[in-house]
Amino acid sequence: MSDTVPFESRGRIWLRALAGTEGSPSFGKDSVLQADVALGDHSARLLAVVPDPRNRFPRARNGEVGLEEGWTLAKAVRSVIESDHDGARRPIIAIVDVTSQAYGQREELLGIHLACAAAANAYAEARLAGHPVVALLVGKAMSGAFLAHGYQANRLVALDAPGVLVHAMGKEAAARITRRPVAELDALGEKIPPMSYDIKNYAKLGLLHALIAGVNADAPTPADVAAVRQVLIDAVADILLSGKRDLSTRLNSPAARVLRAASIEVRRRLAEQWAGPAAASGT
Amino acid sequence: MTDQNKTPATAQPDWARFLARESFIELDAMGRARAVLDPGTFRMLLGPFDRLKSPWLPLQNIVTQADDGVVLARGTIDGQPAVVAAIESAFQGGSMGEVSGAKIAASLELALADNEKGIPTRAVILFETGGVRLQEANLGLAVIAEIHAGIVALRRHVPVVGVIAGMVGCFGGMSLAASLCSSLIATRQGRLGMNGPEVIEQEAGIEELDSSNKRLIWQLIGGEQRQAIGLVDTLVDDDAAAIASAIRAAFARGVPARHRSAQVEDYLAKLAAIDPASPLEPNALRTLWGKGDHE
């Protein structure tokens, strides 16, 4: 076992804290953990991607979503859908602490994009099948890894704690691709919320259902765990109350109406123009 | 499935036809959208006079474009109602910003609403994109998740067909969108990968991938390789008529019994057969994952 790769992670910490167990490898994959937990009246399935220093794919040892992680998440989520097919739809909680998708020549060749799509596909199917899906952001929610694991959830909730962040690309790579110094990226993030690496600025976009303050993300106390559990219970209740299985709530929040006004305007105008002049004059 | 999917690209070279063809790659987004729809049915939505531009680029002193890099058009395909979203690679590398992405997501949502009302509106996405527009970072990522949601919901009713013609290719979160499509069409010039070569070099080092090695990159993620290992359904020439006909063939096949992104057992088994400790050549993968002895 390599001793340069960490074993402990925010994903592992929060799965353990919420479930009271270490969880078990999902379908034999040590980097995808699952556990069940009571959330109010529901039994929920927790899923987390965690570091695995012995992962047979070296580019996925640090908690990245790699080829087998993507497809295993898909299998894990689909197994919940299948087993609940004739009964109550269990909530699914994605515990999100994913440093990135796996970067590598082998990963590209073998279709890392499809592996991540498979996971996103499964979460979206679960949502459409009526499973309340909540993503709990406890660490990094980076780029394609977050698209695979969490971003299809009905509700997104995040800890307001150092190290919790959402972004499209690591800072160094973003600086290179946009040909800007890293310091300039930081300054822009303060001025332009979608550019920011800070979860408080992300919250301004209106995408989060809840931002949970006052919690120790690395060493949660029993009170911290109880607070997070309550947020999850409330999020599940909110999903069931809304009756909606799409992502429209992300555009309905007061914050979204300000920061995502353009997204809302696009939808309003497109709906007006959709049917065409002939149809419009006929109404 | 294989035979009908490979006809245009593998027919004997017909130089007269080759010289007479209309290059799809050389068309701009509007020309591409027009080429895909039935003749005379093209109707642009959210055109330049709607002035729906990026609110974020001016804050960074970057010039905007009146359509934010996505042309949306309605019309028919084989007589059926359709919407086409064509990404313009000439604007910001085809990147997905708040507005350009919302145009695609919203068109998928409206096509879904049509289908739920019994109107079988079909959707085509012409991918030409590096993924998230980094100047709009988190709003680009968010809208890509909404595009994923839109494709998965719509493709339960009608096929969603994707095209990767080139020359930008399809990367980042949009590579997931492409592989969520019911059917994916590519040219040899098209590339489909999650992480752009520059990003892999940055994140994993030049010993992992030299982004200046163009030949290697096409061998890894070019349209021909992707079709040979089953990650793209149809390989076509850079020919507007051939692409239009491949799109029609994809719709004629209907909604697949199991979408590629839902073939979990198959792909877990395919990965289990890979030894990550051994080198893996693109050609060897064709033997392992290929659909038989074709090509």
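Which side chain meets A:R59 in a salt bridge? Here are some notes on that and on the two interfaces around it.

1. **The salt bridge.** The partner is B:E208, whose side chain meets that of A:R59 at 2.7 Å, N to O. A salt bridge here is a side-chain nitrogen of Lys or Arg within 4 Å of a carboxyl oxygen of Asp or Glu. By that rule, the interface of chain A and chain B holds 8 salt bridges.

2. **What you are looking at.** This is a predicted model, in which local features need pLDDT of at least 70 and side-chain atom pairs count only at pLDDT 80 or more, while totals for chains, interfaces and linings use all residues. Residues are numbered from 1 along each chain as its sequence is written, chains are lettered from A in the order in which they are written, and side-chain values use heavy atoms, with hydrogens and water left out.

3. **Chain A against chain B.** Counting contact as heavy atoms within 4.5 Å, 79 residues of chain A and 89 residues of chain B take part. The two chains bury about 7,200 Å² between them, with 65% of it on carbon and sulfur atoms. Buried area is the accessible area (1.4 Å probe) that two parts lose on being put together, summed over both. A:L109, A:H113 and A:W274 supply 13% of what chain A buries against chain B, more than any other three residues.

4. **Polar contacts and elements.** Between chain A and chain B there are 32 residue pairs in polar contact (both at pLDDT 80 or more). Such a contact is a pair of N or O atoms within 3.5 Å; within protein, one must be able to donate a hydrogen and the other to accept it, and residues adjacent in sequence count only if both atoms are side-chain atoms. On the chain A side, elements giving two or more residues include α2 (67-83), α4 (112-128) and α12 (261-274); helices (H or I, at least four residues) and strands (E, at least two) are DSSP runs, numbered from the N terminus.

5. **Two domains within chain A.** The domain assignment, automatic or from a database, gives domain 1 (10-243) and domain 2 (253-283). Their centres, taken over C-alpha atoms, are 31 Å apart. In contact are 6 residues of domain 1 and 5 residues of domain 2.

6. **The domain interface.** Domain 1 and domain 2 of chain A bury about 380 Å² between them, 66% of it on carbon and sulfur atoms. A:K204, A:L205 and A:G206 supply 70% of the area that domain 1 buries there, more than any other three residues. The count between these domains is 0 salt bridges and 1 residue pair in polar contact.
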